[in-house]
Amino acid sequence: MDLGTWFGYVAELLPGLVNAVKLTGISLGLGLPLALVLALLIDNRLRVVRWITIGFVEIGRGLPLLVLLYIFYQGLPQVNIVPSALASATWAFTWSAAAYATEIIRSSIRSVPRGQTEAGNSLGLNERDRFRYIILPQASRIAIPPLMGLSIIMFQLTSLAYVITYSEVMQAAYFLGTTTFNYLPVFLAAAAVYAGVTIPASALVTTMEKRLSKHL
Amino acid sequence: MFGYIIQGLMWTVMITVASFLLGSIFGIAVAGARVSSSRIVRICARIWVDVIRSVPPLVWLFLVYFGLAELGIRLTSLVAAILTFSVIASAYLGEIYRGGLAAIGRGQIEAAQSLGLGRVDLFVRIVAPQVFRTVSPSMVTYGIGLMKDSALASTIGVVELTFRANQVAQNTGEGLSAFLIVGLIYLAFSVPLGIWARHSDARASQKYQVG
């Protein structure tokens, strides 16, 4: 087992990495706007709306993502809906990302000091303008670092999509492992691929965190 | 079907509780190393924690189960799962402890030292109780996460909840019923504990709020 072979393994996992990044992008692209809507609905005056929103968020956060994946991929065929691996992964990951992001966005909105709303009030801004021009810009500043953290976690979680045969890194690694029987170097290669994305991304989050909190 | 699936709860709980207990003990060592007076120990601990957290749990699980076997260390799937999740938990819980440690006023430690308390007494009577109080909501939240992570053990063949639901799905085609049952069992644990953690977190921060 030489280093060249090992780098060969890493290279074989890269198409899987592209799919993992794709799945992360799709689930955040759909999940984050959904989360903003949910964060606004969760305090809605109508009890039914509130309950449905809370239910959606609690299921998304309370279920293992693995189970959520299986509900779509293995569960829906029972009622004659047969989604593809990509569709199941998209739905499950979007649900999960939206649920976690809702909590982040909600607490960010809440952490904008009350005086800001009052100041907007005394300037004669209506509720919508207050939210758009005063609360949201400040809340997004607070929300960006934890949302980036969530993105990194979602990227790591794409490894789970291997169980429903979505061709990401672990799917490729498992296949390589079973064909070469070199499980240890192969899974080390997979670990390196994930760490290679996650470590720089985490460093970026830390930098952003420092920069964004400078004026708070 | 329900009877078959519910038997998996024992395995899920076993993995969760064992990993949580082992992780919370090893976590103390991790937190200690993170705040050690030796720079080398601090750096090593930092790297250890960062490496563990930057690789998905599923990859660690496969490394421990399939990778170690290649080196001649053959673990049963249950042992591999508990070992993997304990090590991961020690990194996360260590960071949680460190956060709690930072929240203790330096004056507390100085006061105890000026009273002549030894290192052991300082830790057991002054530091540990205060840290535990501040971090217990975060620990519960992590414990819930651990229960959800334990579902990964199904991929290496531990016959816990998710594994059994998967089997039912493949053998009978009644996947939706099976996974809804399993989903409700997970929610029955995670939702009440989550409510408690948030409630006590809010209470704790209210209690210690200045002004």
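Guide: A residue is buried if 20 or more other C-beta atoms, placed from the backbone, lie within 10 Å of its own, exposed if 12 or fewer do, and partly exposed in between. This is a predicted model, in which local features need pLDDT of at least 70 and side-chain atom pairs count only at pLDDT 80 or more, while totals for chains, interfaces and linings use all residues. Residues are numbered from 1 along each chain as its sequence is written, and chains are lettered from A and ligands numbered from 1 in the order in which they are written.

Visitor: Buried or exposed: which is B:Phe163?

Guide: B:Phe163 lies in helix 8 of chain B, and B:Ala151, 12 residues away in sequence, is 7.8 Å from it in space, C-alpha to C-alpha. Leaving aside residues up to four places away in sequence, B:Phe163 touches B:Gly8, B:Ser154, B:Gly157 and B:Val158, where contact means C-beta atoms, placed from the backbone, within 7 Å. Because B:Phe163 has 22 C-beta neighbours inside 10 Å, it counts as buried.

Visitor: How many helices are there in chain A?

Guide: Helices (H or I, at least four residues) and strands (E, at least two) are DSSP runs, numbered from the N terminus. Starting from the N terminus, the elements of chain A run α-α-α-α-α-α-α-α, and the C-alpha trace of chain A spans about 70 × 50 × 20 Å along its principal axes. With 0 strands in chain A, the number of helices is 8.

Visitor: What percentage of contacts in chain A between residues at least 6 apart in sequence join residues at least 24 apart?

Guide: Chain A has 216 residues, and buried residues make up 40% of them. Among the contacts of chain A that link residues at least 6 apart in sequence, the share joining residues at least 24 apart is 74%.

Visitor: How many of the residues of helix 3 of chain A are buried?

Guide: Helix 3 of chain A covers residues 65-75, and it is largely enclosed by the rest of the structure. Its buried residues include A:Leu65, A:Val67, A:Tyr70, A:Phe72, A:Gln74 and A:Gly75. Of the 11 residues in helix 3 of chain A, the number that are buried is 11.

Visitor: At what angle do helix 3 and helix 4 of chain A pack?

Guide: A:Leu65, A:Leu68, A:Leu69, A:Phe72 and A:Tyr73 in helix 3 of chain A meet residues of helix 4 of chain A, among them A:Trp91 and A:Trp95. The axes of helix 3 and helix 4 of chain A are 9 Å apart, and the two helices pack at an angle of about 140°.

Visitor: Which residues touch the most other members in the largest nonpolar core?

Guide: A nonpolar core is a set of buried Ala, Val, Leu, Ile, Met, Phe, Trp, Tyr and Cys residues joined through C-beta atoms within 7 Å. A:Ala190 touches A:Leu13, A:Val169, A:Met170, A:Ala173 and B:Val59, when residues up to four places away in sequence are not counted. Of the 110 residues in the largest core, those that touch the most other members are A:Leu69, A:Ala190 and B:Val59.

Visitor: Which element gives the most to the side of chain B that touches chain A?

Guide: Between the two chains, 34 residues of chain B are in contact with 33 residues of chain A. Elements giving two or more residues to the side of chain B that touches chain A are helix 3 (39-54), helix 4 (57-70), helix 8 (161-172) and helix 9 (175-207) of chain B. The residues of that side divide into 19 nonpolar, 11 polar and 4 charged. With 11 residues, the element that gives the most is helix 9 of chain B.

Visitor: What is the phi of A:Asn80?

Guide: Most residues other than glycine have a negative phi. A:Asn80 lies in the loop between helix 3 and helix 4 of chain A, and it is exposed, with 6 other C-beta atoms within 10 Å. Although A:Asn80 is not a glycine, it has a positive phi of about 65°.

Visitor: Where does A:Thr165 lie?

Guide: Phi of A:Thr165 is positive, near 65°, in a residue other than glycine. A:Thr165 is partly exposed, because it has 13 other C-beta atoms within 10 Å. A:Thr165 lies in the loop between helix 6 (127-157) and helix 7 (169-180) of chain A.

Notes: Ala, Val, Leu, Ile, Met, Phe, Trp, Tyr, Cys and Pro count as nonpolar, Asp, Glu, Lys and Arg as charged, and the others, Gly among them, as polar. Axes are lines fitted to C-alpha atoms, for helices over the stretch in contact, and angles run from 0 to 180 degrees between N-to-C directions.
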